[in-house]
Amino acid sequence: MLLKLHGMQMSNYYSIAKTVLLEKEMDFEEVHQMPGRDEDWLARSPMGKVPSLETADGPLAETMAIVDYLEEIQPEPSILPGTAYERARARQIAHHCIYYIDLAARPGLPAAAFGAPRDEAVIKTIGKMTPRGMKSLGRLASFDPWIGGSTFTLADIVAANTIPLAAMVMQTLCNMDLMAELPAVGEWMGRVAERDSSKKVAADKG
Ligand SMILES: N[C@@H](CCC(=O)N[C@@H](CS)C(=O)NCC(=O)O)C(=O)O
């Protein structure tokens, strides 16, 4: 059965799963789906979020579970190469970006991007937590040339699809340049953007 990725192009988590499929050169179909709470969608994604992957084995939600599944069913080319420690370090960077950058800034997204009213308590919290997540990423990242070192991995894919959204939220709500917390990010983002997978994801966003 052909894998089907359900979700929407503008979702950064959808982009992570899609980039992994592209990097692994897997055949897949895209099915447009907005987040929602109808029963059919909740059967695919219990929290109603996007993305969800339709597999021969059944539906699968949660982006990190999806990418682990893809890595297992098609190990090559690997997005988690190297030793057990190197693979764990790549996962550590990916989790760091999700927990301490994306989720730190995400409460500001409704006001930054969707016209919701500003909530000063939220802005105060994201203004404190997001720069901390970004600055501490510097203790893990090498950017030489990839975020974890010599090999392009899941860590690059997750970081490149979380940092820009968080930066937009911080700029819009806190007038803060998140990238300035970790200046090497700029050049590395340029390298990621040059990859065919990034170009395809960007082009499909329109
Ligand atoms: N933990 C989820 C997060 C996915 C997520 O937050 N998706 C957003 C779009 S980028 C969404 O569906 N938001 C709607 C909602 O939270 O109801 C994953 O890893 O897939």
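Let's start with Asn175, which sits in the loop between α8 and α9. A quick word on labels: helices are DSSP runs of H or I with at least four residues, strands are E runs of at least two, and both are numbered from the N terminus. Asn175 has a positive phi, near 50 degrees, and it's a residue other than glycine. Is Asn175 buried or exposed? It counts as exposed, because it has 8 C-beta neighbours inside 10 Å. On that scale, buried takes 20 or more other C-beta atoms within 10 Å of the residue's own, exposed is 12 or fewer, and partly exposed is in between, with C-beta atoms placed from the backbone.

Before I go on, this is a predicted model, so local features need pLDDT of at least 70 and side-chain atom pairs count only at 80 or more, while totals for chains, interfaces and linings use all residues. Residue numbers run from 1 along each chain as its sequence is written.

When I say contact, I mean backbone-placed C-beta atoms within 7 Å.

Now the sheet. It's open, with four strands in the order β2-β1-β3-β4 and mixed pairing. Two strands pair if DSSP finds at least two bridges between them. At the edges are β2 (28-32) and β4 (58-61), each pairing on one side only. From one strand to the next, the twist averages 25 degrees. β1, residues 3-7, pairs with β2 in the parallel sense over five bridges, and Gly7 has His32 as its bridge partner in β2. β3 and β4 go antiparallel over four bridges, making a hairpin with two residues between them. There, Leu53 stands opposite Leu60 in β4.

Helix α1 (residues 12-23) lies across β1, β2 and β3 (52-55), at about 160 degrees to β1. Those angles run from 0 to 180 degrees between N-to-C directions, using axes fitted to C-alpha atoms, for helices over the stretch in contact.

Glu25 isn't a glycine, yet its phi is positive, about 55 degrees. Glu25 is exposed, with 11 other C-beta atoms within 10 Å. Met26, in that loop between α1 and β2, is partly exposed, because it has 13 C-beta neighbours inside 10 Å. Beyond its neighbours within four places in sequence, Met26 contacts Leu3, Leu21, Leu70 and Gln74.

So, which residues are around the ligand? They're Ser11, Asn12, Tyr13, Pro35, Gly48, Lys49, Val50, Glu62, Thr63 and Met64, where a C-beta atom placed from the backbone has to lie within 6 Å. The elements giving two or more residues to that shell are α1 and α3 (63-73).

One joins Glu76 and Pro77, with omega about -10 degrees, and Pro77 is in the loop between α3 and α4 (84-105). Another joins Asp144 and Pro145, with omega about -5 degrees; that proline is in the loop between α6 (120-137) and α7.

Notes:
Two residues are in contact if their C-beta atoms, placed from the backbone, lie within 7 Å.
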